[in-house]
Amino acid sequence: MNRENGDLARYEIRLRGQLEESWSDWFEGFTLTGTVDGTTVLTGPVIDQAALHGLLRRVSDLGVTLISVKALGSRHP
Amino acid sequence: MAMPVLATKLFIPRLRSGAVPRPRLVERLQEGLRAGRKLLLISAPAGFGKTTLLTEWIADAQRRDPLLRVGWLSLDESDNDPSRFLTYLTNALQRADPAIGAGAAVLTLPVTSFEPALTGLINDVAQRPQTIILVLDDLQVIEAPEVRDALVFLLEHLPQNLHVAVASRSDPLLPVARLRAGDELTELRAADLRFTADEAAAFLTEMVDLQLSADDIAALESRTEGWIAGLQLAALSMRERSDVSGFIHGFTGSNRFVIDYLAEEVLQRQPEQVRAFLLRTSILDRLTGPLCDAVTGEAGSSEMLASLERENLFVIALDDRRHWYRYHHLFADVLRARLRADKPDRVAELHRLASAWHEQNDLPEEAITHALAAGDSERAATVIEATVPSVRQSRQDATLLGWLKLLPDDVIRRRPVLGVYCAWSAFVSGDVEAVEPRLSDAERALAARNDDGEPTHRSAAGAELRKLPVTIAVYRAALAQAQGNVSGMKEHAGRALDLTLPDDHLGRGAAAGLLGLASWADGDLDAALRAFAEVRTSLRLAGNLADMLATTLVLADLLTPMGRLREAESAFAQGLQLASEQGEPPPQSTADLHTGISELLRERDELPAARAHLQVSEELGERASLPENRYRWFVAMARVREAEGHQHAALDLLATAERLYRRGFFPEARPIAAMRARLWITQGRLTDARAWADEHGLSAEDELTYLSEFGHITVARLLIAQHRADPHEGTIGSAIRLLDRLLAAAEAGRRTGVVLEILLLQALAEEAQGRIPAALPSLHRALTLAEPEGYLRLFADEGEPMSALLRAAAETGTRPEYVRRIGRALRTSGAGTTGPPTLPEPLSERELHVLRLLATELTGPQIARELYVSLNTLRTHSRHIFGKLDVNSRSAAVSRATQLGLI
């Protein structure tokens, strides 16, 4: 597995509240999408489980409430 | 560059002025302390005031108990290195009480042996009169299993007077549920830490200096859910603002993350100069004026930091002199995210500036971390190269390995010094496969030249580089040893010896040592002895007295199997003399020298003197002993106890020895498992001893090597004992053939001490068949060889069969004076005990009487008549005796009783 092939596992992380797109870099390149129900959805690839846990820790460090984590499976070009 | 202990990590933060007192939470911690709970856990996300609460509680607890001591440790990611963690843990406890961990011994321990060091600390704490609180702040950074295990070990062996308080952003990987179930845990969680409406009101009023309405306070409290960092940011946003209710309206009506919304507000309200300072310095974990000057490129940072602290802008002082600060974690996160979003191209440059400042100020770890964060591998590699010797000295292997993993391979390949360190790292972490490719790469890099004939590698000139060819050869020899390749070991060690420069005493010592080890593994003890003489000379010239003293044990380990006990003893005597001339504290191997000499005294049956040395060794303690030698004390004591007839105690001591034993560089010529099997044989536990032989794949027909010699002699002992227990099994023939082969090998290797033991066993093998005259030639030879060196226990440990042989030898007039002395040693060991300690149920007087008659030639009916009992009664007695001795035949009972010294 490597980044170039784009076959990394993708995840969707839903947080309560809205966060600006400028935080995208902080969340290791995840896409930030605000939704109408007042939640923010982070979507993006993770290299492995350790990376996912690191990301969740960043969420927790910001004092943000985590609503759900969903595995999307890998993206096929 | 040395690896300093950062005092800021051990500093107890001062309670911020204006902090809202939280008596209800302090009281719960205080109650946990009173109830003697093992762990006080504060688990909540960032910004809930965990550290502040701990600070408030500590101040309160110290007011209540002025004798209370506190050790504080603020953890960070680098504490995942077990050695480093242990260093800081020791330092934190020492701050609480300087009497704890007073020796620096723990600092030199390799990472594999946590328990002895922790046990030392725990014992030190337990001996202190006062209560001690150990605070571990930011425990969430700890992920390394070794460090977690160390903490669990600490909690499981926690002394009564020690309490551990932990603050963590996530539940730590400790047995929290078990502690909770056992009522050994006091925990405060986010729900407990949230500001109540009253606390929020008090806080906002204090911070904003402005009377807010109850509704406003309720709205803010509800929007932030009592999250203290949120309220603090809100307060900062409202300060000196004309339209406060407009702000509150906007904030409470927004859906944006609290932190995102408020940080933006706070930052917007700062003057440009302050905002730029905050963003640029956000990359730093610890801030100090000169460092910030270097990173921002502007003067006046010290004043800036002081004013940020006054303004409550999330700056926390890390020491009393206002020298070092850090940002509140949460605020630092926000600033870093903003920096990366606003000025992504500046980040690397800022890290590079930070790296340069840390390097100039002798803080290599931070210099390396920032260089790596800057993506500047070359800079990182340069600093790592300069730092590695001291990292290795402090044995922070995991730290080193962590850095090396982050460097690209081509950077390492251009730096032979670093490449060789990589090889070493791989070696100590057990990745043996990776060693040789690294060494070859390094060798190629050393040899590579450009068109002008100049070296093309990038390693800095210096002693490390000059000695590198020797180092490479030494590592290759060590690698060969790890792979059991004795000839490769000799080849590379010999090459290293040829390459050493005249002034490189340590390189010479290492090479000679490996050469010696190769000869030792081969059983060529003469050559090994010569090599180690060279090692000692090199160590003396290098001024390394401690290691030179430690090699005394190696000399003794070589001289003993060669039967040169007197030389071994004088080596110890000289070593102890030299050690005593060094004054306090005694050199590190002093205790081991006492242990070593005790074994020689034991052999001469001077058991009280042997015990006296063991006692001195014990009193000197672990700090005067090398970790790899600790097991020796327990082996030596086991042998003394065995000589005194206490086999059970001896077995227990061997079990401890086995736990402490660490496979090091030295051949395991006397495996502890084989020593235990010998004790089992003495006790008649032949099934257990047989299982040992099977487990280690040892049999009478094996090819013999020096390293298996002790095991094979043990097998011969087992076969003789099996013959005594049941002559029909036909084991004696195998024993005799094995002994013949062993004798030839030991004689060829000129191992006279081993020859002696084999001769004794040959004599005992004959005796076991009732052929005493046939036993005498071997015995005679053994006596002749043994007398000048003063051996006694070698004979005496064989017990009754040896008595019989010696009586026969005495009748022929062989060495009468020596034989009498051995006889006395035999009697002292018998007299040292009353009754056999090894029988679960002792024999009655009557049963002992019957047993003695069973040992004669008398038939059953004759014995019954002798005892004035019926044959049936005799059978009942016999059955009881067999049961207690765990045997099922008359001959086995007699043999067992003889071993136990019952008849």
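**Close-up views of a predicted two-chain model**

**View 1. Chain B meets chain A.** In all, 20 residues of chain B are in contact with 14 residues of chain A. The model is a predicted one. On the side of chain B that touches chain A, the elements giving two or more residues are α12 (258–268) and α16 (329–342) of chain B. Which of them gives the most? The answer is α16(B), with six residues. By type, this side of chain B holds 11 nonpolar, four polar and five charged residues.

**View 2. Chain A has one helix and four strands.** Along the sequence the order is β-β-β-α-β. Of its 77 residues, 14% count as buried. Take the contacts in chain A with a separation of 6 or more: 62% of them join residues 24 or more positions apart.

**View 3. Confidence along chain A.** The mean pLDDT of chain A is 79, and 86% of the residues score at least 70. Among the elements of chain A, strand β1 (residues 9–16) has the highest mean, 90. Helix α1 (residues 49–61) of chain A has the lowest, 82. Over residues 1–5 of chain A, pLDDT stays under 50. For that stretch the model has three contacts beyond four places in sequence.

**View 4. The largest nonpolar core has 145 residues.** Those with the most contacts inside it are Val420(B), Val474(B), Tyr475(B), Ala511(B), Leu514(B) and Ala716(B). Helix α39 (residues 752–768) of chain B gives the most to this core, with 11 residues. Where does the core lie relative to domain 3 (667–750) and domain 4 (765–833) of chain B? Both domains give residues to the core, so it lies between them. In soluble globular proteins, nonpolar side chains tend to be buried together.

**View 5. Around Val420(B).** Val420(B) is one of the residues with the most contacts inside the largest core. Set aside its neighbours within four places in sequence. Val420(B) is then in contact with Leu439(B), Ala442(B), Leu468(B), Thr471(B), Ile472(B) and Tyr475(B). A second, separate core has 107 residues. Leu73(B), Ile217(B), Phe251(B) and Leu335(B) are among them.

**View 6. Helix α26 of chain B, residues 486–499.** How far apart are the end C-alpha atoms of this helix? They are 20 Å apart. At 1.5 Å a residue, the 14 residues should span 20 Å, so the two values agree. The buried residues of α26(B) are Met489(B), Lys490(B), His492(B), Ala493(B), Ala496(B) and Leu497(B). These buried residues pack against α25 (468–482) and α27 (505–522) of chain B. An α-helix has 3.6 residues a turn, so residues three or four places apart point the same way.

**View 7. Positive phi at Glu225(B).** Most residues other than glycine have a negative phi. Glu225(B) has a phi near 55°. Its place is the loop between α9 (214–224) and α10 (228–238) of chain B. Is Glu225(B) buried or partly exposed? Glu225(B) is partly exposed, because 15 other C-beta atoms lie within 10 Å, and a residue counts as buried at 20 or more and as exposed at 12 or fewer.

**View 8. Positive phi at Asp886(B).** Asp886(B) is not a glycine, yet its phi is about 60°. The residue sits in the loop between α46 (871–885) and α47 (890–899) of chain B. Asp886(B) has 14 other C-beta atoms within 10 Å, so it is partly exposed.

Definitions and conventions:
Residues are numbered from 1 along each chain as its sequence is written. Chains are lettered from A and ligands numbered from 1 in the order in which they are written. This is a predicted model: local features need pLDDT of at least 70, side-chain atom pairs count only at pLDDT 80 or more; totals for chains, interfaces and linings use all residues. A nonpolar core is a set of buried Ala, Val, Leu, Ile, Met, Phe, Trp, Tyr and Cys residues joined through C-beta atoms within 7 Å. Domain bounds come from an automatic or database domain assignment. Two residues are in contact if their C-beta atoms, placed from the backbone, lie within 7 Å. pLDDT is the predictor's confidence in each residue, from 0 to 100. Ala, Val, Leu, Ile, Met, Phe, Trp, Tyr, Cys and Pro count as nonpolar, Asp, Glu, Lys and Arg as charged, and the others, Gly among them, as polar. The expected span of a helix is 1.5 Å times one less than its number of residues.
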